[in-house]
Every structure is written in C-alpha cells, then in structure tokens.
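Work through the exercises below with the structure open. Each task is followed by a stepwise solution.

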Amino acid sequence: MAMAISSFLRCILYIYYFSAFLCLYADEVRETTEIHHLHHTQIVQLSSLLPSTTCSASTKGSKRKASLTVIHKYGPCFQSKEDQVQVLNHTEILLQDQSRVNSIRYKLSNYSNGNKLRESKASTLPVKSGLILGTSNYIVTVGLGTPKRDLKLAFDTGSDLTWTQCKPCTGQCYKQVDPIFDPSKSTSYANITCPTPLCFQLSSATGMSQQCSTSKKCIYLVEYGDGSFTTGYFSKERLTITSDVMDNFIFGCGQDNEGLLNGIAGLLSLGRAQVSLVKQTAQKYGQFFSYCLPSTTSSTGHLTFGKGNGVSNTIKFTPMLKLPQGPTFYGLNLIGISVGGRKLSIPTSVFSTVGTIIDSGTVITRLPPTAYNALRTTFRKLMRNYPMTSPISLLDTCYDLSKSKSVSIPHISFLFGGDVSVDLDKVGIFYMLSPTQACLAFAGNSDPSNIAIFGNVQQKGLEVLYDVARGRIGFRPGGCN
C-alpha cells in the first residue's frame, strides 16, 4: 500500500515538473516571438501619413531628362481656387475603385473567352452620367501640337490609347482645367485616314474594328467600365515630354467625351499595345519607364522615360508576365506575403492559379480570399494594442488612433518570382480615412478565381521600374525619398 502511494506521489511530482517545464518553455517561445515581431515593426508618426494643405514638391527624378512631375488630382498641387474640381469622399473613391476592378475583371474574362472586347462595358457595372473614370488620379503635364500646348493627363498602365479632348467638341466635352486642345491651331496635326493599316491598329487597343467617317477619317471609340466613353478622330500630332519631341505621335482627338476624368484633359496610356506611349517611343526610350507615386495627396512624384545613366545593380527585378487573357496588363509572379517578419502559410497555388497584375489606377490591392484572410488575421493580432473601429466600404480592418501620435505598424513584404522580396513603405500599408482613423489598405476578392491586383497604395514609397524590352519589373524601396 505504501509503495502504491509512493508511486502515485512520484507521478504527481513528474506531472508537476513537466507542466512547469512546458510553461517556462511556452513563456520563452512567446517572449522570443514578441522580440521577433518587435524587430519587424516600424514606429510611424501619424503626421507623416497625412497630407498637408500646401503642395510639398519633391525634386526626385527632376534631373533626368525625360522626367515628368506627378501630382495627385485631389491635392493642393493640382487644385486651385480658380479651378476646383469635385473632391470625392472616401466612400465614393472606394466605390470607383471597385468599379475599375470590376472593369478589369470583365476585360480579362472577355479575352479569355476569345471575344474581342471594348474597353469595357459590363452589364453588372453602374452606368451613371458624370461618374469619373475609375481612379486614375495621378497627373502629369505633356505638350501637344505646334506651337506646344500643355495638357494635364492622368497616366494609366492599364490602358493603351492616349487621348485628349479636342475642339470643336461636336458632341460633348466635360470641364477641364487646361484650355481644350484645338487641332486647327496646330501646324503638325493630321487625321489618320480610313481604311488603312494604321487605323486597323486601333482594334488592339480598343477591341473595336476600324470605323470610317463619311470623310474617310479614322474614328476611335473607347468605352469604360463605369459607362463613360470618349470618341473622336484617330490622329497624329507632335508630342513633347520635357524637351524631348516625338513627331507623328498617334492619339485620340476626342469630340464626344462623357463622364470621364473631370478636370483632367485626358489619358496618357502606358499599356502594352502598339499604340501605347511605351511602344510608340520604343526607339527613343527603349520601352523603359519608371515612376514614384506621391506619398500623399499634397506631395509630388515623378514619371520618367528611359534609363538615363543606367539602372542600379542593387535593384532586384522580377519577371514581367504577359497574361494571354489580357495583353494590355503587366503581370507579376506573386508567390507569397510576409507580415511581421514571418512568411504567411499560403500555398503558392493560391496566387499562381489566378495570376497577378500591377496597376497604377487601382487604389486598394486585391488578394485571393485565402491570402487576404491570412494577412488580415496576422495583422490584427500584431495590432491588438490599438482599438478597432467600424469598417468602411471594402476595408474591414480599421483602427481608432485618436489616442496615439505614433503607431507601431508590422512590416509587410511581397515575395515575387526571381527571389525578389519587396518591403512595403510605411505609406503603403494604411489607407488614412482621417487624422485619427486608418484602415489596412488591402481587400479580399469575393471570388477565389478573380485575379490579384497590386494597387497604387502599396506602390507608394517604391520606385517602380518597367523594363518592357527585357520583360522585367523592378522595385526600389526608398527610391522615392
């Protein structure tokens, strides 16, 4: 009996010591994990994520010859007391962003089904007169015509045809800040005749077969996902980028432009079709361009064409993929995401099955639901010291920072093919709703089969380099400072 009691007590002691060991080990693991995450967070002053009321110009990129200053449509660098355009609230901006994403999906699905596409008119998208085209809010100034007329255009990597509003506006022209371009006052303007091989090139950019006016002029028509459109004459003109002059630049001279960009003269298209600016200037710039987006609406960035003095060896490039279902877009091989210094447990097939594009006009990065859920769960865990607040539109992870002057934000990195890891900048993680409210600037696709999109919030603070000739895309963290 005594031996049985003694054995029982020994068992109790073993269990006690083993439990104590497990508790100490768990504490050590927890402490190690917390130290690990502490080293993979960044303390950010909230004021550095917010715009100011005055334009804060940056000189980055200005010394390179063909470098244009990029400004934001809703910031003080573009707005003036004389020429105010409607400033949208965050709900409207996010709704427009979803409209653009829906348009991209529709375009890709039509190409994958073997159908020729107009750029694009989905029956599921809202058609509303005056709705501004997508979220193409980054603006550059180029010269058009002889003598040169400066025009403010939104640049867009997801479009192929450059166009601007033109007098006499036989249909309708919306209000823009610059005087509307008048081709009759330019000595270098010429219409493209129809039918011709040059006019036929329109089909690759717009999906429309060539159309001829009664006077044998080539007519273009581009319809967008929000129901707005531009139509007019397919034309040639002299284009000036800083001091570089390109004669016979092909563009759309819009005579009827409805909805669209409101305040901006038109679109500077940087897609992959033969009529895009990238292809038309291939001999001069080697199909190479780069940009830094403004970090806030009150700062500036740059859009630069050509390599200048070359490309730094420190920049890591990932392969640029060409999507068979959407040749306009620039594809990326996204293979993983890291949060707080740890790679998330997401099968690579989650990304490879649907594909990924980079788009200058999409605001919020879209991820497959499996990937987004993993990102959101880890991010919320590491941000547990900050109170959450109500979601807004498609953003479901928002924080009340009213009691904080600074915030500890987990590092987020995107992992691409070619062993390329891109650390997002501090301005590329949150979407600021107000000085005291911020949301995680990612959203999950409702359909797992929808393509992933690397949006422009995540591109802020990164210099993004497109080497189209060599089929690669580079990212330089801190390249915009």
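A pocket here is an open set of grid points with protein on both sides within 12 Å along at least five of seven lines, and its lining residues have an atom within 4 Å of a point. Keep in mind that the model is predicted.

**Exercise 1. The largest pocket**

Task: Which residues lie nearest the centre of the largest pocket, and how many residues line it?

Solution. 
- Step 1. Count the lining: 28 residues.
- Step 2. Go to the centre. His 90, Thr 297, Tyr 431, Met 432 and Lys 460 lie nearest to it.
- Step 3. Take the volume, about 610 Å³.
- Step 4. Assign the lining to elements. α2 (90-112), β25 (430-434) and α9 (456-459) each give at least two residues. The largest share is 5 residues, from β25.
- Step 5. Sort by class. The lining has 16 nonpolar residues, 10 polar ones and 2 charged ones.

**Exercise 2. The sheet that holds β25**

Task: What is the strand order of the open sheet of 4 strands, and which are the edge strands?

Solution. 
- Step 1. Read the order: β20-β21-β26-β25, with antiparallel pairing.
- Step 2. Find the edges. β20 (388-389) and β25 each pair on one side only.
- Step 3. Look inside the order. β21 (residues 398-400) and β26 (residues 437-440) run antiparallel and are joined by 3 bridges. Within this pair, Cys 398 has Cys 439 of β26 as its bridge partner.
- Step 4. α8 (residues 369-382) lies across β20, β21, β25 and β26. Its angle to β26 is about 140°.

**Exercise 3. The two partners of β30**

Task: In which sense, parallel or antiparallel, does β30 pair with β14 and with β29?

Solution. 
- Step 1. Recall the background. Strands of a sheet pair through backbone hydrogen bonds, either parallel or antiparallel.
- Step 2. Take β14 (residues 316-319). Its pairing with β30 (residues 472-477) is antiparallel, over 4 bridges. Pro 319 has Arg 472 as its bridge partner.
- Step 3. Take β29 (residues 462-467). Its pairing with β30 is also antiparallel, over 6 bridges. Here Glu 463 is the bridge partner of Arg 476.
- Step 4. Inspect the turn. The β29 and β30 hairpin has 4 residues between the strands. In it, Gly 471 takes a positive phi near 65°.

**Exercise 4. Backbone exceptions**

Solution. 
- Step 1. Most residues other than glycine have a negative phi, and most peptide bonds are trans.
- Step 2. Check the bond from Lys 167 to Pro 168. It is cis, with omega near 15°. Pro 168 sits in the loop between β5 (163-165) and β6 (190-191).
- Step 3. Check Cys 194 and Pro 195. The cis bond between them has omega of about 0°. Pro 195 belongs to the loop between β6 and α3 (197-200).
- Step 4. Check Thr 242. Its phi is positive, about 50°, although it is not a glycine. Thr 242 lies in the loop between β9 (229-241) and β10 (244-258).

**Exercise 5. Confidence**

Task: What is the mean pLDDT of the chain, and how many contacts does the model have for residues 20-38 and 114-133?

Solution. 
- Step 1. Start with the chain. The mean pLDDT is 85, and 82% of the residues reach 70 or more.
- Step 2. Take residues 20-38. The pLDDT is below 50, and the stretch has 8 contacts beyond near neighbours in sequence.
- Step 3. Take residues 114-133. Here pLDDT stays under 50, and the model has 59 contacts beyond four places in sequence.

Methods: Residues numbered from 1 in each chain as written. Predicted model: local features only at pLDDT ≥ 70, side-chain atom pairs only at ≥ 80, totals over all residues. Heavy atoms only, no water. Pairing = 2+ DSSP bridges. 1 Å grid on protein atoms, 1.4 Å probe; cavity = no way out; pocket = protein on both sides within 12 Å on 5 of 7 lines; lining within 4 Å. Points joined across faces, edges and corners; volume = space filled by probe spheres on them. Nonpolar A, V, L, I, M, F, W, Y, C, P; charged D, E, K, R; others polar. Contact = heavy atoms within 4.5 Å. Axes fitted to C-alpha atoms, helices over the stretch in contact; angles between N-to-C directions. pLDDT = per-residue confidence, 0-100.
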